[in-house]
Amino acid sequence: MTRPAAGPVRAPSSAAGPVRAPSARRATPTRGPGRDRRRAAGTLCAITLLVLVAMAARVLLGTPVVTAGQALAVLSGEQVPGISFIVMDSRLPAAVVAVLAGIAFGLSGTIFQTLLRNPLASPDVIGVTLGASAGTVVAMTVFGATGAALFWSALLGGLGTAVLILLVAGAGRAGAAGAVDNRFVLVGIGVGAALNSLISYLLTRISTRSAGDVMHWMIGSLSTSTWERARVLALALAVLVPVLMVLVTRLRILQLGDDMATGLGLSVPRTRIGLILVGVTLSALTVAVTGPLSFVAFLAGPLARMLLGRPSFPLAAAMGAAIVLLADVVGQNAVPGTALPAGVITGALGAPFLLWMLTRTPGSRDER
């Protein structure tokens with residue numbers, strides 16, 4: 001009589017199998033947005049700590065070596081003969097300018113690389129940095145400009161180059177958006193070569209001493225950093241970073257495609273122009289202050305993406321600051337008795353990285 005009850009008892013136990021499978025499945029996907037945010041925050045904190053350590057090294061190391069106690073005394077307002085000038089007027093301004101320049105270059109490079117869906121599309125590869133450099137060199141050699149005029153000439157040179165590249169790449173043609181993304185880099189390299197020739201020609205028309213000064217600036221150096229230049233970069237970032245924060249939300253919609261973005265009510269041309277203006281302005285003003293520090297804008301975004309697995313503007317900014325600072329620390333201390341400009345170190349790092357990126361570009365389409 002008790003046998004019929006055995007059937008119902010087994011039925012729930014067999015039904016329990018399917019119930020357990022979903023619960024097991026539910027336990028695995030806890031790698032969602034929360035974990036990504038924690039990973040991003042942890043990586044950003046690590047790079048920020050590296051920047052702070054590099055800043056301390058930039059202030060303390062060199063000839064003469066400044067002890068931590070002396071540096072703290074100077075920073076607290078005490079006058080230490082000789083050391084106060086070294087810390088407050090030489091090394092600390094260079095460290096601050098390096099951080100601000102790295103942030104600007106990192107943001108600028110990530111804007112172009114994300115907007116054009118191409119890891120090679122950084123300002124120094126596509127000619128925007130050369131445009132800003134050409135504008136500055138023309139102002140210096142032809143018009144004898146100094147000071148604030150150099151900032152305006154660099155900005156106009158960078159903006160003019162960006163407009164020229166967009167026009168030649170076919171930005172205004174119907175249905176050419178995807179083609180522009182692919183051709184922008186090639187057109188930019190061609191325009192950059194022409195601008196490089198213009199700069200070389202101008203250097204042959206001026207005195208040897210002036211040409212030496214221009215060449216030193218063209219390499220990219222932080223040796224002429226001052227608090228006034230740091231204020232210029234800080235003001236530029238204070239104005240442009242909030243604008244970029246607004247545009248980044250639109251950039252994410254733009255990445256869905258022009259048709260989808262238009263359907264969602266986004267003005268695609270206006271958004272593109274706004275992002276290009278911010279990217280060019282960040283790059284051009286920084287070039288006017290430090291010279292064209294090679295490959296910083298190119299390196300910061302891809303390195304941040306490698307660490308995080310996706311584009312990140314805050315991490316790219318921190319990575320740019322770390323690259324410039326570490327390059328300056330190495331340049332000032334690697335060869336005893338010789339100070340190498342930071343641009344020499346960033347160029348030596350960026351050239352092999354560019355070759356590596358070129359070898360993997362055809363296979364990187366799946367990342368777009």
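What percentage of the 368 residues in the protein chain is buried? In this predicted model, buried residues make up 46% of the chain.

**Figure 1. The protein chain as a whole.** The secondary structure comes to 15 helices and 0 strands. Take the contacts between residues at least 6 apart in sequence: 75% of them join residues at least 24 apart.

**Figure 2. Helix α12, residues 268-290.** This helix has 23 residues. At 1.5 Å a residue, α12 should span 33 Å. Its end C-alpha atoms are 33 Å apart, so expectation and model agree. Most of α12 is covered, with 19 of its 23 residues buried.

**Figure 3. The residue after α12.** Glycine 291 follows the helix. The phi of this glycine is positive, near 85 degrees.

**Figure 4. The crossing of helices α13 and α14.** Helix α13 covers residues 296-308, and helix α14 covers residues 313-333. Their axes come within 8 Å. The crossing angle is roughly 125 degrees.

**Figure 5. Side by side: the residues where α13 meets α14.** From α13 come Val296, Leu299, Ala300, Gly301, Leu303, Ala304, Leu307 and Leu308. From α14 come Leu315, Ala316, Met319, Gly320, Ile323 and Val324. The residues of this contact divide into 12 nonpolar, 2 polar and no charged. An α-helix has 3.6 residues a turn, so residues three or four places apart point the same way.

Conventions
Residues are numbered from 1 along each chain as its sequence is written. This is a predicted model: local features need pLDDT of at least 70, side-chain atom pairs count only at pLDDT 80 or more; totals for chains, interfaces and linings use all residues. Side-chain values use heavy atoms; hydrogens and water are left out. Axes are lines fitted to C-alpha atoms, for helices over the stretch in contact, and angles run from 0 to 180 degrees between N-to-C directions. Helices (H or I, at least four residues) and strands (E, at least two) are DSSP runs, numbered from the N terminus. Contact means heavy atoms within 4.5 Å. Ala, Val, Leu, Ile, Met, Phe, Trp, Tyr, Cys and Pro count as nonpolar, Asp, Glu, Lys and Arg as charged, and the others, Gly among them, as polar. The expected span of a helix is 1.5 Å times one less than its number of residues. Buried means under 20% relative accessible area, exposed over 50%, partly exposed in between (1.4 Å probe, protein chains only).
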